[in-house]
Amino acid sequence: MTETTKTHVILLSCGSFNPITRGHIHMFEKAREYLHKTGRFIVIGGIISPVHDSYGKPGLVSSRHRLTMCQLAVQSSDWIRVDPWECYQDTWQTTCSVLEHHRDLMKRVTGCILSNVNTPSTTPVICQPQNETSTIYQNKANKSVAIKLWGKMSESLGKICCVRPHMERFTFVDENANLGTAMRYEEIELRILLLCGSDLLESFCIPGLWNESDMEVIVGDFGIVVVPRDGVDTERIMNHSSVLRKHKDSIIVVKDEIDHPMSIVSSTKSRLALQHGDGHVVDYLSQPVIDYILQSQLYINASG
């Protein structure tokens, strides 16, 4: 496949991030690496969306703290950003609602209809002159166009993620293009995929926990990228749910021959390490996050 015929992906991860761990970031990195290896996808961005305070999970610290910790955890990343939309709503939002929000927001920002699993978009999303000699992602003097694109999108999304003022339609054009000349453009397919661990996938099988119509939208319309944890049998999980079996082709399982230690890192283990003064906390959390936790006196007591 050529670069322009590959599906361009934005990975969206929802969760408590209480606190955000090295494992969360590792999940993004492994998913992007695997999707690129398939030869079918190009990941242009990642979104971390912390849950609303009213989610009601025991020990959940204020979204003010969780958002700050997430920002600190990704401050050196040029492709993962933190979105506060969930936290700024009046109440808790379903995962389905968060996906739909970001789909609608991307449509508003790009002026285009994003594709989903069943109906690939035929609307140009990312524009590039076809007669350029270099490929769409090659620029020896600068970062890739994909990173530039995500930077522009992130800036625009950040301005309207909560308020949503009126924005005129615009398209992304290479900065060196001659805008005064009529040009033909190549079409790029763009999709938002839910990124999750196998524990979330397994929760789909718990009767009554998920709204079935929401599951249909999440898996059938958007699609899921699953990063397995602790040697979980994802095939068994998918066969246990009628919705997952139905949309099996929309579920991408990240396969790794080597069990990475980051795959077993969790927020729960991190909180316990903090409470017990366990020095292994440095293996679970990045130093800026640890510094913030200590400064704000979070998770030190068993109550949270």
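Leaving aside residues up to four places away in sequence, Ser 270 touches Pro 19, Thr 21, Val 281, Tyr 284 and Leu 285, where a contact means heavy atoms within 4.5 Å. Ser 270 lies in helix H10, which spans residues 267–275. Its relative accessible area is 0%, so Ser 270 is buried; buried denotes under 20% relative accessible area, exposed over 50%, and partly exposed in between, with a 1.4 Å probe and protein chains only.

The model is a predicted one, in which local features need pLDDT of at least 70 and side-chain atom pairs count only at pLDDT 80 or more, while totals for chains, interfaces and linings use all residues. Residues are numbered from 1 along each chain as its sequence is written, and side-chain values use heavy atoms, with hydrogens and water left out.

The protein chain contains 12 helices and six strands, these being DSSP runs numbered from the N terminus (helices: H or I, at least four residues; strands: E, at least two). Of its 304 residues, 50% count as buried. Among contacts with a separation of 6 or more, 77% join residues 24 or more positions apart. The chain exposes about 14900 Å², of which carbon and sulfur atoms supply 49%; the areas come from the Shrake-Rupley method with a 1.4 Å probe.

The average pLDDT, the predictor's confidence in each residue from 0 to 100, is 79 for the protein chain, and 69% of the residues score at least 70. Residues 119–143 have pLDDT below 50, and this stretch has 56 contacts in the model beyond near neighbours in sequence. Over residues 158–186 the pLDDT is also below 50, with 64 such contacts. Where pLDDT is low, predicted coordinates should not be read in detail.
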